[in-house]
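Hi,

Here is the model I said I would pass on.

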Amino acid sequence: MKTGKLFWGLGFLLAAVLIILDVVGVMPTLLGAVGEVSVFALILGLLLLSYAIARLCRGKISAIFFPLAFIFMLFEKNIAYLCGLESENIVNNWLVLLIALLLHIGFAILLPSKRIRRKHVKCSVKSNNTFNSSTVYVDCASFTPNIVENRLGECTVHFQNIEQYKGEQTLNVSNELGAMTINVPSSWTLIIDVDNSLGAVESPSSHDGGGPTLYIKGDNRLGALEINFV
């Protein structure tokens, strides 16, 4: 089953459970035990939990830590209330995200995901991946898509029709709270200019393969960006 279907299926099932609990009068008792909880927080928490379960069911253990971190931040004061703590701020949010990032990278290294062949879907200009796992193929004949965005997901970028690449093109990337891997032909000359903030970037600063030049520019925010030569 595709991750998207599993994610939305679990989301609707959990929403149904909440409605049932509310109808039978259990919800007020549960909420009273953990303090005040907004409807927005409940809905967002359900979506994050559904995503984490969906990724776990597909064996993507490294992808569950950021959703769990956001769930903790959403309900931190409720957890503090339930545990009888004096302060509502149990852990600094940046520390929670750092721990999630380290766990994500650690499990991604120890338990790498198996590559899955996916149907190639052409994009005109931009490829945007959110809460999902995707493979993007950049067509070197037209160099599209030339913008790849990844948020809270896993994204792998490949280049096709490389014999038609004339060089001097720019691949713009934006990776936020996710994992992105870019596979570049080793014969190309690569120049990288990526702004990294509280994330992990694994790549050479530059590479001269004697072939046409490719520029990779963009930003990596609290994510893991890896650039490989193939």
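To start with, is Leu 152 buried or exposed? Leu 152 is buried, because its relative accessible area is 15% (buried means under 20% relative accessible area, exposed over 50%, partly exposed in between, with a 1.4 Å probe and protein chains only).

Some housekeeping before the rest. This is a predicted model, so local features need pLDDT of at least 70 and side-chain atom pairs count only at pLDDT 80 or more, while totals for chains, interfaces and linings use all residues. Residues are numbered from 1 along each chain as its sequence is written, and side-chain values use heavy atoms, with hydrogens and water left out.

Back to Leu 152. Its place is in the loop between strand 3 and strand 4 (154–160) (strands are DSSP runs of E, at least two residues, and helices are runs of H or I, at least four, numbered from the N terminus). Leu 152 is not a glycine, yet it has a positive phi of about 55°. Asn 161 is another non-glycine residue with positive phi, near 55°, and it is found in the loop between strand 4 and strand 5. Asn 161 counts as partly exposed, because its relative accessibility is 30%. For the backbone there is also a cis peptide bond, with omega about -5°, joining Thr 144 and Pro 145; Pro 145 has its place in the loop between strand 2 and strand 3. As a reminder, most residues other than glycine have a negative phi, and most peptide bonds are trans.

Leu 152 also turns up in the lining of the largest cavity, along with Tyr 51, Ser 62, Ala 63, Phe 66, Pro 67, His 104, Gly 153, Glu 154, Leu 177 and Gly 178. A cavity here is a set of points, on a 1 Å grid over the protein atoms alone, where a 1.4 Å probe fits but cannot get out; lining residues have an atom within 4 Å of a point. The space in that largest cavity is about 70 Å³, where a volume is the space filled by probe spheres set on the points, and grid points are joined across faces, edges and corners. The structure has two cavities of 30 Å³ or more. By type, the lining of the largest cavity has six nonpolar residues, four polar and one charged (Ala, Val, Leu, Ile, Met, Phe, Trp, Tyr, Cys and Pro count as nonpolar, Asp, Glu, Lys and Arg as charged, the others, Gly among them, as polar).

Now the strands. Strand 3 (residues 147–151) pairs with strand 5 (residues 169–176) in the parallel sense over five bridges (two strands pair if DSSP finds at least two bridges between them). Strand 5 is also joined to strand 10 (residues 213–221) by eight bridges, again running parallel. Asn 172 of strand 5 stands opposite Ile 147, and Asn 172 also stands opposite Lys 217 in strand 10.

There is also an open sheet of five strands with parallel pairing, in the order 2-4-6-11-8. Its edge strands, strand 2 (133–139) and strand 8 (200–202), each pair on one side only. Inside this sheet, strand 6 (residues 179–184) and strand 11 (residues 224–229) run parallel, joined by six bridges, with Ile 182 partnered by Ile 227 in strand 11.

Last, the cysteines. Cys 140 counts as buried because its relative accessibility is 4%, and Cys 155 does because its value is 2%. The structure holds zero disulfides (a disulfide is a pair of cysteine sulfur atoms within 2.5 Å).

Cheers

Methods
1 Å grid on protein atoms, 1.4 Å probe; cavity = no way out; pocket = protein on both sides within 12 Å on 5 of 7 lines; lining within 4 Å.
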